[in-house]
Amino acid sequence: MRDHKITFALLIALMVSLFSAGIVSAQKIPSPEEFFGFKMGTDYKLARWDKIVEYFYLLDKNSPKIAVQELGKSTEGNRFLLAIISSAENLKNLDKYKSICRKLADPRGLSAREVDKLVQEGKTVVAMTMSLHATEVGGNQLSPELAYELITSPSPEIKTILDNVIFLLFPSFNPDGQIMVVDWYNKYLGTEYENSRLPWMYHKYTGHDNNRDAYMLTQAESRHVSRVLYNEWFPQFYVDMHHMGSSGARYYIPPYYDPLHPNVDPLIWREHMLVGSHMAVKLEEAGKKGIETGAPYTAWWMASFHMITNYHNIAGMLTESASAQIASPIYIHPDQLRPGRRGRPEYKAQLSFPSPWEGGWWRLRDIVEQQKISTMALLDVAARFRDMFLRNAYHKAMRNVNRGKSEPPYAYIIPANQRDPLTAVKLVQTLMLAGVEVHQTKGSLQVNNSVYPPGSYVILLAQPLRAYVKSLLEQINYPDNPWTREYPGGPPMRPYDMAAFNIAEHMGVKAIPIDTPVTAPLTKIKEAEMPEGRVIGSGKNGYLLEHETNDSFIAINRLLKEGAEVYWLKKSLLDGERSYPPGTIFIPDSPGLKAKLEAIARQTHLTFYTANQKVKGEAYKLRPLKLGMYKRYMGGSMDEGWTRWILEQFQFPFASIYNKEMKEGKLREKYDVIIFPDDRMQTIIGPADDEEQRIYNPTPPEYRGGIGDEGVKNLEEFVQQGGTLITLDSACELPIKKFLLLLPIENVLEGVSSEEFFCPGSTLHIKLNHNHPVSYGMGEDALALFWNSPAFSIDYTPWNERYQVVARYPEENQLQSGWLIGGKRLSRKAAIIDAQCGEGRVILLGFRVQHRAQTHGTFKLLFNSIYYGSAIPEQLP
């Protein structure tokens, strides 16, 4: 009997050991097909995010080869998951492998022997995000099947992968959008609207631009992913799964196409080639056709996650699958297939596209299969060349460090004395979120002939993130060469995104390149701290607040909400030893005001000054806002979403105005100011033929069209009755062309060919009338983000005084960073116009003043316009 007990105990111990090793499971793990009731990618079937979450936790419960973590909540409160997949033994030692990756990513101070040991003991870490763009459903539908196969397959190839690779799988980068898309698709499945697009954006604020938040990191999802990539794991690879159009190649895989960015270490591009080649071989082995490398995705930009990772010494790549109609199959005729706009002149076999697809039915299952094959290929090559990729991580980091020691600039200094010091701190905080090393001066710092005040930030480039820092802070021009022209000497080809990504220029912060080594003592900081907010003094003369700081508008909005009076002074003021420029904010004293200001100062880090004398003279009295912003359907407007996010962050009260309200009229009864974000005029108005829209864009009737001619009429009536219309960038065309009382304003760039004028996503110099309320707090010079924007001239009328130029482009040398062809056409042309129209006004903000929540340096132009639109001129007693 005793022998039987010993045998049974040994059997139990063996089973526990086998389960811990992942050789057997506590119970049979259901396949995705068994759990969801259909094979992933089946026609007309989609797994919803809540069920995907449930399935991943089921895998976590029943397998020691997967660990599921909730990183936090999405923007709208859904679970945001990371699934870590590897061998059971590796998962027991995650802290060890994190430490190895961290040390290889920043190997300063390590000996050669220590590096060898880290390489020998480490594992290749691969990160992958799925369906960032929520209509691109292949990735999140693949993720349960991919995870299941990795943790249940008995194949030796999978075992090798799990033993040598730690796979960081984000099953959905955009859970909120995934739910929206699945619910919309299921609601109209089997109806005439089955193939209709989601009427609104698939992210609350950003839509497709959630993949343009990779360095500003404004959204919750961006911060979850960046924390894992740049502060916890430091992977060797990152891949983002996407979809593209349906009428070209079936699948794009690495590498990218020229031009490439010169700051990125060349090892990155070579790793792309190696991975892409292995993917291509495996896809060809599986009989997959239409696989393309190179074109059309270029290697010179920074805003996306798959690009920005390359500047972090992580081989960042994307794949792009030809789209189906969500989960509905589509049929493509052979003569409908076209080459992309870069790299292939025709839809025929060539070296980067050796096996064209010949047309036919295309299904979601096709997408799932090709993404699974390419992912397995990536994991396979990561396992096979583990030692090489880990050592490459060391090489890439040290090359950046050594270049920072031997090549100028050696540092960037962000002086403490900025026009908007709080925004300068925000810039440093943003860089540090991405892992940038920052120092600070305790005393004054002299470099060459310049002296920088105490508390200035110093970013030394002898650090692993040199490429990242330099690319975001340097003045740079986009290459104008045969790679960026349709043919040598021909028309320019637009960059994949913007032409320059200088975060300091966009935020209006001085970042000074230093071309000699910095030897002064510096203090490395763990975080960039905001200054302490204060209320200096007290008295019956009221309080003064500087207009230069964007966050002053948080104070204005809160004070007006709490019933305080707020003014902008029209003229400069000398108050004791302090001088205040036009636009200074004045708050008259009232019972309990100082306590309110102290609370605001603590929370906003602003400084309020007691007036030493009675404040007199001309001023604008600000009124509580009655602000509306147009919000369209047809997929929504990303610019509207970003503007909405900014207004919320700065605590502006506002309402969204939809087509129905625009068409109903009586807008002046509800609003003082209405904003139209950047959008094409025809998109705002909508198609004239509703039947044509029904056929080619079969959307439910309540979501079709724009404001129509009736809405335009009501908008003009709103202005004539005393309202203020603010139009951003291309939306300026609407009042210029469609108001019956025509504005004598012309866009001088309309109809000009790209060979004569071209400026895609670049920072340009502007000259401001700093005495005009729209430019209060800005100074006389600023940088504007120009992206195929208008530029204005004013025709002569007997009422010229009704049209004021707030900002104009200089006579020459307009370009700061990016790409500008034909700058003479901008010479002295208006960038911002304040146009009186009847009893109201139209403010034309002719460039991207709030683009993607990045251009903090010009936020005030929008904020000022909002309050100026309803302010009342008064004489202070």
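**Entry 1: strand S3**

I began with strand S3, residues 124-130, in this predicted model. How many of its residues are buried? I found 7 of 7, so I noted S3 as mostly covered, with buried taken as under 20% relative accessible area.

Next I looked at the two faces. In a regular strand, side chains alternate between the two faces of the sheet. On one side of S3 I listed Thr124, Val126, Met128 and Met130.

**Entry 2: the partners of S3**

Which way does strand S4 run relative to S3? I saw that S4, residues 165-170, runs parallel to S3 and is joined to it by 6 bridges. Here I marked valine 126 opposite phenylalanine 167 in S4.

I then turned to strand S5, residues 237-244. S5 also pairs with S3 in the parallel sense, over 5 bridges.

**Entry 3: helices H5 and H10**

Two packed helices are described by the angle and the distance between their axes, which told me what to look up. For H5 (residues 94-105) and H10 (residues 220-233), I noted an angle of about 80 degrees and axes 9 Å apart. The range for roughly perpendicular is 65 to 115 degrees, and H5 and H10 are therefore roughly perpendicular to each other.

Where do they meet? From H5, I wrote down Leu94, Tyr97, Lys98, Cys101 and Arg102. In H10, they meet Asn231, Glu232 and Trp233. Sorted by class, this contact has 4 nonpolar, 1 polar and 3 charged residues.

Methods: Residues numbered from 1 in each chain as written. Predicted model: local features only at pLDDT ≥ 70, side-chain atom pairs only at ≥ 80, totals over all residues. Heavy atoms only, no water. Axes fitted to C-alpha atoms, helices over the stretch in contact; angles between N-to-C directions. Helix = DSSP H or I, 4+ residues; strand = E, 2+ residues; numbered from the N terminus. Parallel < 35°, antiparallel > 145°, perpendicular 65-115°, else oblique. Contact = heavy atoms within 4.5 Å. Nonpolar A, V, L, I, M, F, W, Y, C, P; charged D, E, K, R; others polar. Buried < 20%, exposed > 50% of the residue type's maximum accessible area, 1.4 Å probe, protein only. Pairing = 2+ DSSP bridges.
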